[in-house]
Amino acid sequence: MRFVVFGLTVSSSWGNGHATLWRGLAGALARQGHRLDFFERDQPWYAAHRDLRTLPAGDLVIYRELSEVRARADEAIASADVAMVTSYCPDGVEAGDRVLSARSALRVFYDMDTGVTLERARRGLPVEWLGPRGLRHHDLVLSYTGGRALGALAGLLGARRVAPLYGSVDPEVHRPSRPVRPFLGDLSYLGTYAPSRQAALEALFLGPAARLPERTFVLAGSMYDDRFPWRPNVRYVRHLEPSLHPAFFCSSPLTLSVTRAEMAALGHCPSGRLFEAAACGVPVLSDWFDGLDAFFTPGEEILVARSTREAVAAVELPRERLARLGARARERALDEHTAAARARELVRLCEAARRSERPAPPPAAAAELRAGPEAATRAAAAPLDAAAEGLAG
């Protein structure tokens with residue numbers, strides 16, 4: 001099967017989780033006999049931190065303007081089995097027009113930021129990577145978040161066929177590693193700064209740091225500055241490329257995962273960090289969201305904290321118990337949450353969607369596709385406004 005993807009980035013892991021996920025999927029798909037071509041706009045902040053330039057089976061096309069590679073993109077779509085656009089694709093609307101015009105390829109949208117998409121749509125704000133037509137004309141919509149998000153994508157944005165495709169881990173990249181002195185600590189946290197994670201980060205990371213001044217807490221990630229409420233016992237490591245993640249995780253007996261508020265509100269939203277740390281044999285302390293126990297068993301494979309007090313108790317657990325918990329988490333991750341498992345799921349979902357009857361866009365929708373986004377705005381506005389009231393309730 002040949003996949004063509006228009007996405008945010010696969011070439012740079014700086015400040016985003018998209019690249020790591022797509023690298024794992026691309027490698028797994030290649031090993032399973034498939035091909036993946038990835039089209040990515042050359043953004044200066046990613047170009048400055050580019051740490052991948054080729055894909056194992058397929059082309060990585062980095063362009064300045066989509067118009068420069070339009071013929072190549074159309075040719076790739078025409079020969080593809082699956083043509084896909086992802087959330088935060090900077091050319092999502094134009095690429096989506098080309099994907100939706102595909103004659104034979106399965107037309108797919110993969111929302112890797114479902115909470116953000118739904119919140120913007122609910123509030124009547126533009127969803128830049130999607131456009132005013134919503135998801136009505138896609139053959140398949142995949143969501144990084146399951147649970148209530150799937151119904152919201154259908155009810156609010158018109159998705160006709162929706163399925164979750166959760167995060168995953170590449171065990172060739174994330175595996176047990178020797179500790180590294182600059183990363184040594186009692187609790188680690190790896191994540192890009194995000195305002196919607198800040199309250200939980202202060203409760204579950206900075207709060208324990210304040211109560212346990214003799215312990216060392218290590219934070220790694222981009223976009224933190226002097227306004228962040230640093231403490232003397234919090235060590236900061238700037239952005240880490242994926243190859244250093246195992247050493248970072250394995251340099252502490254416990255690592256923290258914090259969920260964006262908009263994702264936690266929907267539930268069934270496991271961060272890729274859950275799977276990556278688990279594959280390294282390091283136990284995770286996580287905030288709670290509905291559905292977390294579908295991925296790891298609390299108290300046996302993962303620890304959950306809802307307050308600073310509970311986070312402090314987790315940090316103070318004997319290291320032998322944490323090590324046993326990490327071993328069980330690794331076993332679960334390798335059994336169920338690898339990139340290979342998700343690649344097989346992706347292929348299965350696409351094959352099932354291709355087997356089902358693919359309805360042609362109704363005459364009005366076909367006219368929309370020819371007229372472009374401006375004409376589509378009027379047709380999309382009324383159903384979006386009505387659906388927004390349902391999601392808000």
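Is Asp74 buried, partly exposed or exposed? Asp74 is partly exposed, with a relative accessible area of 30%; here buried means under 20%, exposed means over 50%, and partly exposed lies in between (1.4 Å probe, protein chains only). Some notes to read alongside the structure follow.

1. What you are looking at. This is a predicted model, where local features need pLDDT of at least 70 and side-chain atom pairs count only at pLDDT 80 or more, while totals for chains, interfaces and linings use all residues. Residues are numbered from 1 along each chain as its sequence is written, and side-chain values use heavy atoms, leaving out hydrogens and water.

2. The sheet. Look for an open sheet of six strands in the order β10-β9-β8-β11-β12-β13, with parallel pairing. β10 (234-237) and β13 (303-304) stand at the edges with a single partner strand each, so one side of each has no neighbour in the sheet. Strands (E, at least two residues) and helices (H or I, at least four) are DSSP runs, numbered from the N terminus. Two strands pair if DSSP finds at least two bridges between them.

3. Strand β9 (residues 217-220) runs parallel to β10, and four bridges join them.

4. Salt bridges. Side chains of opposite charge can pair when their charged atoms come close. The structure holds 25 salt bridges, each a side-chain nitrogen of Lys or Arg within 4 Å of a carboxyl oxygen of Asp or Glu.

5. Back to Asp74. The side chain of Asp74 meets that of Arg98 in a salt bridge (2.7 Å, N to O). This pair links distant parts of the chain, 24 residues apart: Asp74 sits in helix α3 (residues 70-79) and Arg98 in helix α4 (residues 92-100). Arg98 is partly exposed too, at 25% relative accessibility.

6. A longer link. In the salt bridge between Arg148 and Asp290, the closest N and O atoms are 3.4 Å apart. Arg148 belongs to helix α6 (residues 148-157), and Asp290 to the loop between β12 (284-286) and β13, 142 residues apart. Arg148 is partly exposed at 45%, and Asp290 is partly exposed at 38%.

7. Glu336 and Arg332 meet in a salt bridge (3.1 Å, N to O). Both lie in helix α12 (residues 319-336), four residues apart, about one turn of the helix. Glu336 is partly exposed at 36%, whereas Arg332 is buried at 15%.
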